[in-house]
Amino acid sequence: MSDTTDLRGPALDVEAWTCPAPLRDRPRVVMGHGGGGALSAELVQQIFAPAFGGEVLAQMGDAAALTLGGARLAFSTDSFVVRPLFFPGGSIGDLAVNGTVNDLAMSGARAAYLSCGFILEEGVELDVVSRVAEALGAAARTAGVEVATGDTKVVEAGHGDGIFINTAGIGLIPPGVDLRPGRVVAGDVVIVSGAIGVHGVAIMSVREGLEFGVEIESDCAALGGLVDAMLAVTPDLHVLRDPTRGGLAAALNEIAAASGAGVVVRERDVPVPAAVANACAILGLDPMYVANEGKLVAFVPREHADAVLEAMRAHPLGADSVIIGEAVAEHPGLVVARTGLGGTRVVDLPLGEQLPRIC
Amino acid sequence: MKYIDEFQDPELARRLLDDIHATVTRPWALMEVCGGQTHSIIRHGIDQLLPKEVELIHGPGCPVCVTPLEVIDKALEIASRPGVIFCSFGDMLRVPGTGRDLFQVRSEGGDVRVVYSPLDALRIAQQNPDREVVFFGIGFETTAPPNAMTVHQARRLGVTNFSMLVSHVRVPPAIEAIMSSPSCRVQGFLAAGHVCSVMGVGEYPELAERFRVPIVVTGFEPLDILEGVRRAVRQLERGEHTVDNAYARAVRPEGNPAARAMLEDVFEVTDRAWRGIGVIPDSGWRLAPKYRDHDAEHRFSVEGIQTREPAECRSGEVLQGLLKPHECEAFGTLCTPRNPLGATMVSSEGACAAYYLYRRLDITNAAREATPVV
């Protein structure tokens, strides 16, 4: 071994100390490629985008904004591979509706129609399929969207994880609404619609069999109504994002990187419920990186911020909305947190998945 | 969390900082031994708030960082074998061995599982009697007792398909090695509170006396760290060098006797290589001969491992406190969390990763990694 200079010798040879080998090439997909962080981004940038081409895809939004026959449409798709299928506060059926509905809502569109593709694993109980389908139907009705088309495939036992669902959705973007990172300017106020990290911790509590003393329910919800309420105050919102995989940190980083603006977050203003903070403290995770399913982040022109915040707080899904920071001209493309003690730190895009630490 | 909030109270922090500012008259270099403390210092910006005279040097206290490459490669080899279920804490999965990591082994078909307790791994062994289940037992005195207990349980329950790949390390010999180095400039230590909660403080007075350094047992929350710094600086200014317990809510002088008894039963002290540093005499634990049946190195005969390290990586110097992460030529350019040269850039508790994650704003030679938007 090259790193085993024996300290029983006369003196340490600093020049001889070396350390680990680089891990530059990943010839296979690893879990981090689906984590919503830097590895996911590289997969899209280096493989999918070059292969597909196209101007619309290059927008790289949660939903594509299209013009078709004079209408401005939002179009989005998402796949759901959550385990377990049922969790406190929801199920894969709810997620399959709300995930796609929310992607559309982040472009200002109210979802109108969904497609729904089920990939079932041989052996899964029909009762489970039925319960998921009922949950999916109920979530669609709550969100005010119609499942217009679907597809079913079955894979051999051992080739799936019970049920996978893909949904795609389409909706109309109202006139005057133009939500995209490019519109963010220094001075914009950053609002988050409520407590963060709840969904991720709820899933961990059941998937990993961890108990945190309090049952934590997912915040899974469709955000179309909340977005409508915000747009009713002003269509001049600059950008919306639902901080799902990768959490608030990933959402803010994506906006900062795509807009070229800097973002400053006041850490003590970020709403983290005690149960989420406890769970994250135990596992060594940062709540800023934990997934949400029923929250949004808004960049709003300063002159509209108070009115938008008031409208959000008047909506049941935005009752705990709070201003957490602002867009700035300094440190373009970077998200910086002001810590509770008065220091600063960079809030980076996560690499892949968060990993619980050893101690 | 009210409890944690209280240990992050800005008003109390301000008072401690004022006291430190008022006490300091000369430059002092303190080493925090534990990676958890490093992470907390950088994450909360504590280093930015201290007087410029107080320099915090980041020690070799990240268990992930100091696990030798040879052991990582043994883990990769065992995890790749058919019929093996390899269990590990999450943050070991991303640490590079020679050319790959445990995530990659999993993507190639290896059955690598993240567990939250070594007892989970034992349970997996009981549920899979036809498979060999191996737990990756690494870490300091903090994680060693539950791992020891798990091996003890495995033998008591007769779980013959369970073994452990052990690479535990001990803090006091590392402090001794650091202080013995001629290039050492550490003048005081913030000792790791978790370690002392197990081992007590009995190993420290002799070190404090021999090297004439104050050793302050310190916790992990911002106020704990500020209090540790305050007490260390006070001693240095007065020319004192005693062991001081600033983490009395968790650390009793005798530590945890039950945990220590378990360690003594299951493990024996051995020389251990620290990644990037070298062999430190008596600095590790291995399974005692009577538990050899549960020793994965013995069971899988992983010999002849050829390790390969990149020449550019200077994390050994970082681990010794001889170099700040951003002073490394490769920092933020050749070496980033996406493409780590060394374990100190991989582990969330590694000094290089902490600097990269939280301090890029202040560091000019750290180019921002391309992070395209999805």
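B:Phe89 counts as buried because its relative accessibility is 7%, where buried means under 20% relative accessible area, exposed over 50% and partly exposed in between, with a 1.4 Å probe and protein chains only. The structure is a predicted model, in which local features need pLDDT of at least 70 and side-chain atom pairs count only at pLDDT 80 or more, whereas totals for chains, interfaces and linings use all residues. Residues are numbered from 1 along each chain as its sequence is written, chains are lettered from A and ligands numbered from 1 in the order in which they are written, and side-chain values use heavy atoms, with hydrogens and water left out.

Over all chains, seven aromatic pairs are found; rings of Phe, Tyr and Trp (its six-membered ring) pair if their centres lie within 6.5 Å, with planes under 30 degrees apart counted as stacked, over 60 as edge-to-face and the rest as tilted. Two of these pairs are listed here.

| Pair | Centres | Planes | Class |
|---|---|---|---|
| B:Phe89 and B:Phe135 | 5.4 Å apart | 85° | edge-to-face |
| B:Phe267 and B:Trp285 | 6.2 Å apart | 25° | stacked |

B:Phe89 lies in the loop between β3 (84–88) and α7 (102–107) of chain B, and its partner B:Phe135 in strand β5 (residues 132–139), 46 residues apart; helices (H or I, at least four residues) and strands (E, at least two) are DSSP runs, numbered from the N terminus. B:Phe135 is buried, with a relative accessible area of 0%. B:Phe267 in strand β10 (residues 267–274) and B:Trp285 in strand β11 (residues 278–287) of chain B tie together parts 18 residues apart in sequence, and both residues are buried.
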